[in-house]
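Please walk through this protein from its overall make-up down to single side chains. The account starts with one term and then turns to the model itself.

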Amino acid sequence: MLGFITRPPHQLLCTGYRLLRTPVLCTQPRPRTMSSSTSWELPLVAVCQVTSTPNKQENFKTCAELVQEAARLGACLAFLPEAFDFIARNPAETLLLSEPLNGDLLGQYSQLARECGIWLSLGGFHERGQDWEQNQKIYNCHVLLNSKGSVVASYRKTHLCDVEIPGQGPMRESNYTKPGGTLEPPVKTPAGKVGLAICYDMRFPELSLKLAQAGAEILTYPSAFGSVTGPAHWELVSS
């Protein structure tokens, strides 16, 4: 299982992980010796941690630098966190900054994937769906791009985070976000079959069980927990 948590800007990381499984290789295999037998190098994936701001172009610049570094190091798949596109100052600004999947911002990420020749897991995109004009609400959408820049899967978060935070008041994702209605089947990538989920979905084991039963080898929960909800929620659930 992979999980992602945002970090302060001065701690931007792009960490490579070798997946311990029989791989579908994303680069030319290089043999290596293990004990007395010959094996193959495992695929490399990158987990890119960022702290988003309301400035979408500055966020893209930061993410692009990490993706380029991941590609340079030989990663076949890079994971970006929930709200990689932006984190607004209030719900009204969130709605204002949101875009459809065929908008300019996702087009930039598609071009980035093509130029770097790398798959991208875009962990939580503020999406204006086809019903935007009717309800003025968005979706929290996990988008998977292949190395040609094409959208191969898009999962809309089904479990919205409505919580009371001591000392901070309520957080109501449902005030401006609609829940998705379906799960996406696991997607075959150069690193294995990836099951898509987002953040608060982690509290609902039926979702991960369903993905595992469908053949998922990697479960993803890209997250943007805060300083209060992170220690109180993520660290407990993921331990």
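A polar contact is a pair of N or O atoms within 3.5 Å; within protein, one of the two must be able to donate a hydrogen and the other to accept it. The model is a predicted one, and in it the side chains of H142 and S121 form such a contact at 2.7 Å. H142 belongs to strand β8. Its relative accessibility is 0%, so H142 counts as buried, the limit for that term being under 20% relative accessible area. What surrounds H142, leaving aside its neighbours within four places in sequence? Its contacts are S121, L122, G123, A153, S154, Y155, L196, A197, I198, T220 and P222.

From that residue, step back to the whole. The protein has six helices and 14 strands. Of its 239 residues, 48% are buried. Among contacts with a separation of 6 or more, 70% are between residues 24 or more positions apart. The accessible surface is about 12000 Å², and carbon and sulfur atoms hold 51% of it.

In soluble globular proteins, nonpolar side chains tend to be buried together. The largest nonpolar core here has 26 residues, and Y109, L120 and L122 are the members that touch the most others. At least two residues of this core come from each of β5 (44-49), α1 (56-72), β6 (77-82), α3 (104-116), β7 (119-127) and β8 (139-145). Helix α1 gives the largest share, six residues.

Which residues does Y109 contact, leaving aside its neighbours within four places in sequence? They are N59, F60, C63, L80, F84, L120, L122 and L145.

The protein has four aromatic pairs by the ring-centre rule. In the pair of F60 and Y109, the ring centres are 4.9 Å apart and the planes stand at 90°; planes over 60 degrees apart count as edge-to-face, so this pair is edge-to-face. Because F60 is in helix α1 and Y109 in helix α3, the pair ties together parts that are 49 residues apart in sequence. Both F60 and Y109 are buried. Ring pairs also link F60, F84, Y109 and F125 into a cluster.

Another pair is formed by Y200 and F204. Their ring centres are 5.6 Å apart and their planes are at 75°, so this pair is edge-to-face as well.

Most residues other than glycine have a negative phi. A83, which is not a glycine, has a positive phi of about 60°. A83 is in the loop between β6 and α2 (91-97), and its relative accessible area of 7% is why A83 counts as buried. C199 also has a positive phi without being a glycine, with a value near 45°. The loop that holds C199 runs between β13 (192-196) and α5 (205-213). With a relative accessible area of 6%, C199 is buried.

Why does E93 count as buried? Its relative accessibility is 15%, and the limit is under 20%. The side chain of E93 is joined to that of R89 by a polar contact of 2.6 Å. Not counting residues up to four places away in sequence, E93 touches P54 and A88.

Technical notes. Residues numbered from 1 in each chain as written. Predicted model: local features only at pLDDT ≥ 70, side-chain atom pairs only at ≥ 80, totals over all residues. Heavy atoms only, no water. Helix = DSSP H or I, 4+ residues; strand = E, 2+ residues; numbered from the N terminus. Buried < 20%, exposed > 50% of the residue type's maximum accessible area, 1.4 Å probe, protein only. Contact = heavy atoms within 4.5 Å. Areas by Shrake-Rupley, 256 points an atom, 1.4 Å probe, with all protein chains shown as cover. Core = buried A, V, L, I, M, F, W, Y, C linked by side-chain atoms within 4.5 Å. Phe/Tyr/Trp six-rings, centres within 6.5 Å; stacked < 30°, edge-to-face > 60°.
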